[in-house]
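I opened my notebook today to get to know a new structure. Here is what I looked up, entry by entry.

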Amino acid sequence: MSRGSPLRAVRALPWSGKIGLVLVIFWVAIAVVGRFIAPYPPGAFVSYEVFAGASGQFWFGSDFLGRDVLSRLLVGAQFTVGLSAIAVTIAVSLGTGLALTAAVGPRWLDELLSRAMDTLISIPSKIFALVLVAAFGSSIVLLTIVVSITYVPGNFRIARSLAVGLTRLDYVEVARARGEGRIYIALIEMLPNMIRPLLADIGLRFVFIVLLLSGLSFLGLGLQPPDADLGSLVRENVSGLGVGALAILVPAAAIASLTVGVNLLIDAATQGKVK
Amino acid sequence: MKSPSHVEVRNLAVTVRGPDGRPLRIVDDVSFDVARGEVLALIGESGSGKTTIALSLMGYGRGGAAISGRIRVGDATLDGAGSASLARQRGRRITYVAQSAAAAFNPARRVIDQVMEPALIHRTESAKAARARAIDLFRALALPNPETIGSRYPHELSGGQLQRLMAAMALITQPDLVIFDEPTTALDVTTQVGVLQAFRRVVRQQGATGVYVSHDLAVVAQMADQILVLNRGRVREHNHVGALLEAPMDDYTQLLIAAAHPVVKAQARTPAKPEPLLEIAGVSAGYGPIDREGRPAHPVLSDVSLTIGRGAAVGVIGESGSGKSTVARVVAGLLAPASGAVTLAGEPLAPTVAGRTREQLRRVQIVFQNADVALNPAHSVGDILGRVLRFYHDLRGAEAQRRVAELLDLIRLPAAVAGRRCDELSGGQKQRVNLARALAAKPDIILCDEVTSALDTVVRGAILDLLAELRRDLGVAYLFISHDIATVKALCDEVVVLYKGTRVESGRRDTYDTSPFHPYTDLLISSVPELRPGWLADESVQSAAPLAHQPESTELCRFLRRCPVAIPGRCDVAPPPLRTMSAGNVVLCHRTEAELIG
């Protein structure tokens, strides 16, 4: 990480990173203001024609019930970006936090945490989410928790292997010989040196979460109508696939551009300036 | 085309892209010739461009480096204008011996297959002839059991043996030019002598032409016919070995020669009988689970005792694996001893950091060898020093900043360095910051673990001077760990020699000037190359140890299997006694003082 101005950091990005940055900023902006700039209420039936093509009135046409696709997309992006961002934050904080605890803590704790994570990772993520949603019913809070927990073990494994490698380094030994506490060693000596690979992991996990949420919505177990995220938009309009309706192509393209953008940005940000 | 010189380099320049994107010339206008059968040495500090020049002789530029100028080796030239281009000659007519043979061998294949590989790839010989040639080379390189050693795997061989095998690999195609890139730098001194002797003999025997890259003048003096002194990519001096060493013309060469024998200017005055500060009594330590008798599974130290007075400097020397770093780790509380005690100014210290008070921790500071990994790359110099000040002295804000500036002044760095991160500093500067971090605690004793080993000779001299000044001005004591007896003797008043975790000799610095020594100390001292061309030839081949076949035993003398003067019937029956010599040094040996001199 360079400590220069953010503008300098942006200029140092390769062109792929700049494209990623533009895409990410675009989607974050849509997530924030989408609800306010949507031309119609997302649930309103505004067109008499279903799966209409693009027109001046409905830029991205209408969906299977004659609702405005643009408005539904603008509102849906909020759920996809917001929920995924919250879930990835929870997953990475938990995973990395536990990994650092395992690395600096006593050996039995490391063993306990690692085996617990192995157990969790052995459960297929989609089945795990399906069972919980089926048992407790779908709600935004439950969805966030389920998706977060699903991605804790993966992050834990990566962060733990990074942290264990660092505990043998001389600067950590020096801190230990100085008498520093475990929390200081974990947070001040070790964490800053794990950021780069962790960022790459966060990017990957964000994409997984977007895809898992979309997948759950596609199966009808994600957000429940009338709310809709990008995944549910694809699912509900699946019958338009045969006629090549914009109502299904646009949300699918939206998911793709969001995930590709995040990855381009993170790749560029973590690769640069490695000596 | 008949030319007197075999290798010809004219106006060589290598340009890379600097960190700011502008071209940076790392080698500038270098010209030299090497006649067939001669060895030319490239010498200089790190960053002087010596390896870059050696690699460009193979037509190879690292990471986007642009090579310009004219290079000719035999009939191959850089631009391919001769009968073949340089790059195509790699591995066949031009070969390379790298610094770390341990990293250069494939651990999954037998060594002879790897040694023969160049001959087979380039089809210079049949497999049978190549195998015979490899065994001849093993014999010429004085490898043990030349007939069978090739069927071993790399992990079954020592570092010195692997380095010789790598030379065999380089020589198997009977190349026009062999490039030796610091081939003995990673070896212990005692191993280095044998490897150098083997290299020298094989180079003479094969009539090979060589370029020998090194930072060590004394090593180069044994190997080369001519020396090229480099500094910042430019030639400072070029002459025959004898002339260059006897009458160096350039001031930089003079500096290098002077730095080969470290002499510390600021000598601290220690009272004849200083009060003991740190006492290590009968410490045994190791790794792995501890058995019922209190011995760890992998013992490293056995029954080591030493005392360091207030303001004194005690050196610990030994080769790798002697347990010298473990001494520092035990004292610092990073490794709990299996038995024995460490006492600081009369107070017993708890076995590990967790049991010690913050005041006790403050008084003992440790400095590690490699400043690159000892300083956290995520923190600035100011953060690193400031943390120690806050931790031990509760200094914050402006007061801490002032103290950081003072510390930087103490280690001769500008105060502006506080805002920089460690990866922006040079090796010597990093090592100074590494020292300053220990000084920030205002310790009574600093444990220096090989702090000068990773540095160039000139920088090493400056760090040693700094250490001596700090000792004189602040009265701090040192436990100075090193593998280099010259460095230890320059700084320390007392020296302890460790061999396989056992203290075999201890005494004042001057007792190491003349015999009697322990046979191992003798070996250590005589293995350090001297700065004169004939030294290696005079140095007799290490005489064989009479009791080399003895099984390893912790009860007997640990040096038994390597000792050239071991006495059958005496050394292999009982543990050696501690003898005090008339000069005052204490030696753990069966031989009496008179026998050790003789």
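My notes below go through domains, a sheet, a helix pair and a chain contact.

**Entry 1: the domains of chain B**

I kept in mind from the start that this is a predicted model. I looked up the domain assignment of chain B and found domain 1 (7-259), domain 2 (276-511) and domain 3 (514-598). Then I asked how many Å separate the centres of domain 1 and domain 2 of chain B. Taken over C-alpha atoms, the separation is 36 Å. Where they touch, nine residues of domain 1 of chain B are in contact with seven residues of domain 2 of chain B. On the domain 1 side, α7 (189-206) and α10 (251-259) of chain B each supply at least two residues. I noted that α10(B) gives the largest share of that side, three residues. By class, the domain 1 side divides into four nonpolar, three polar and two charged residues.

**Entry 2: a sheet in chain B**

Next I traced an open sheet of four strands, and I wrote down the order β13-β12-β15-β16 (chain B), with antiparallel pairing. Which strands stand at the edges? They are β13 (296-309) and β16 (347-348) of chain B; each has a single partner strand, so one side of each is left without a neighbour in the sheet. I also checked β12 (residues 276-290) and β15 (residues 339-344) of chain B, which pair over five bridges in the antiparallel sense. Within this pair, B:S284 stands opposite B:S339 in β15(B). Helix α11 (residues 324-332) of chain B packs on the sheet and touches β12, β13 and β15 of chain B. The direction of α11 makes about 105° with that of β12(B).

**Entry 3: two helices in chain A**

I turned to α6 (residues 140-167) and α9 (residues 195-218) of chain A, whose axes come within 11 Å and cross at roughly 160°. An angle over 145 degrees counts as roughly antiparallel, and α6(A) and α9(A) are therefore roughly antiparallel to each other. Their crossing is right-handed. Among the residues that meet are A:V147, A:Y151 and A:I158 in α6(A), and A:L198, A:F208 and A:L212 in α9(A). The contact of α6(A) with α9(A) has 11 nonpolar, three polar and two charged residues.

**Entry 4: where the chains meet**

Last, I looked at the contact between the chains: chain B gives 17 residues and chain A gives 12 residues. On the side of chain B, α12 (358-363), α13 (371-374) and α14 (381-393) are the elements that give two or more residues. I sorted that side of chain B by class and got 13 nonpolar, three polar and one charged.

Note on methods:
Residues are numbered from 1 along each chain as its sequence is written. Chains are lettered from A and ligands numbered from 1 in the order in which they are written. This is a predicted model: local features need pLDDT of at least 70, side-chain atom pairs count only at pLDDT 80 or more; totals for chains, interfaces and linings use all residues. Two residues are in contact if their C-beta atoms, placed from the backbone, lie within 7 Å. Ala, Val, Leu, Ile, Met, Phe, Trp, Tyr, Cys and Pro count as nonpolar, Asp, Glu, Lys and Arg as charged, and the others, Gly among them, as polar. Two strands pair if DSSP finds at least two bridges between them. Axes are lines fitted to C-alpha atoms, for helices over the stretch in contact, and angles run from 0 to 180 degrees between N-to-C directions. Angles under 35 degrees count as roughly parallel, over 145 as roughly antiparallel, 65 to 115 as roughly perpendicular and the rest as oblique. A crossing is left-handed if the near helix is turned anticlockwise from the far one by less than a right angle, and right-handed if clockwise. Domain bounds come from an automatic or database domain assignment.
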